[in-house]
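Let's take a look at how the parts of this protein meet. Have the structure open and follow along.

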Amino acid sequence: MPSGMAQTRPMADMRAFRDAVGGWAGGGSGAEAGELAVRLGVRTAVLLEGLSDLAAVEALAERRGRDLASEGVGVLSMGGAMNIGRYAGLLGPPGLGLRLAGLCDVREEPFYDRGLKRAGAPYRDFFVCVADLEDELVRALGTARVEEIVRDEGDLRAWQTFLRQPAQHGRPRHQQLRRFLGTKKGRKIRYGRLLVEALEPERVPAPLDDLLTSV
């Protein structure tokens, strides 16, 4: 098998596992997810609030030369922090018995605490972002560097238009940038990867660095 195909197969299989878990969380059967977990050797489920977090985690793993799928680490977007209890119950001790890890926004800590306790899953491998991961990345890079990336990506005009909105007047630059990243569908996901790729190795935000180190 060509090396490129060998590298992409685990990722494709892990996407199938993600899809199966998503269907299960939505009320479907867990049979496919369970079968795939066994076949793929999944040992850890990294639970993330959304797809932008997933893009950032995968980008950092790639930068560090890690193939999480081949290592038995499934990185999943839960579609919102409120779903932590459901996913922890399905994938943690009451369900597939996987080790759970993830990121948590500070304002969502109570949901994670309750959801993980109900599932009998330890909280120790969940790492807290002060506001959210985008805020952590903007702070790590600095606002000037993030604005350079926005310009290089062809979003300068949209950024300038955004800054003219009355609601943005007088706000700190890092808050403006964080809000801008979430103003268009798909932008947070795209920049989740771009901002991680632009980081100096020693500037990786602690929650993201700690998560990758723990799995």
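## Two domains

In this predicted model, the protein chain falls into two parts: domain 1 covers 9-132 + 203-214, and domain 2 covers 133-198. Their centres, taken over C-alpha atoms, lie 26 Å apart. Where the two touch, domain 1 contributes 22 residues and domain 2 contributes 15 residues.

## The buried area

How much area do domain 1 and domain 2 bury between them? The figure is about 1,600 Å², with 56% of it on carbon and sulfur atoms. On the domain 1 side, the residues that lose the most area to domain 2 are Ser52, Asp132 and Pro205, which together make up 34% of what that side buries.

Two salt bridges are found across the interface of domain 1 and domain 2.

## What domain 1 brings to the contact

Four elements each supply at least two residues to the side of domain 1 that touches domain 2: α3 (51-63), β3 (99-105), β4 (126-129) and α11 (206-214). Which of them gives the most? That is α3, with 10 residues.

By residue type, this side of domain 1 holds 13 nonpolar residues, eight charged and one polar.

Notes
Residues numbered from 1 in each chain as written. Predicted model: local features only at pLDDT ≥ 70, side-chain atom pairs only at ≥ 80, totals over all residues. Heavy atoms only, no water. Domains from an automatic or database assignment. Contact = heavy atoms within 4.5 Å. Buried area = accessible area lost by both parts, 1.4 Å probe. Salt bridge = Lys/Arg side-chain N within 4 Å of Asp/Glu carboxyl O. Nonpolar A, V, L, I, M, F, W, Y, C, P; charged D, E, K, R; others polar.
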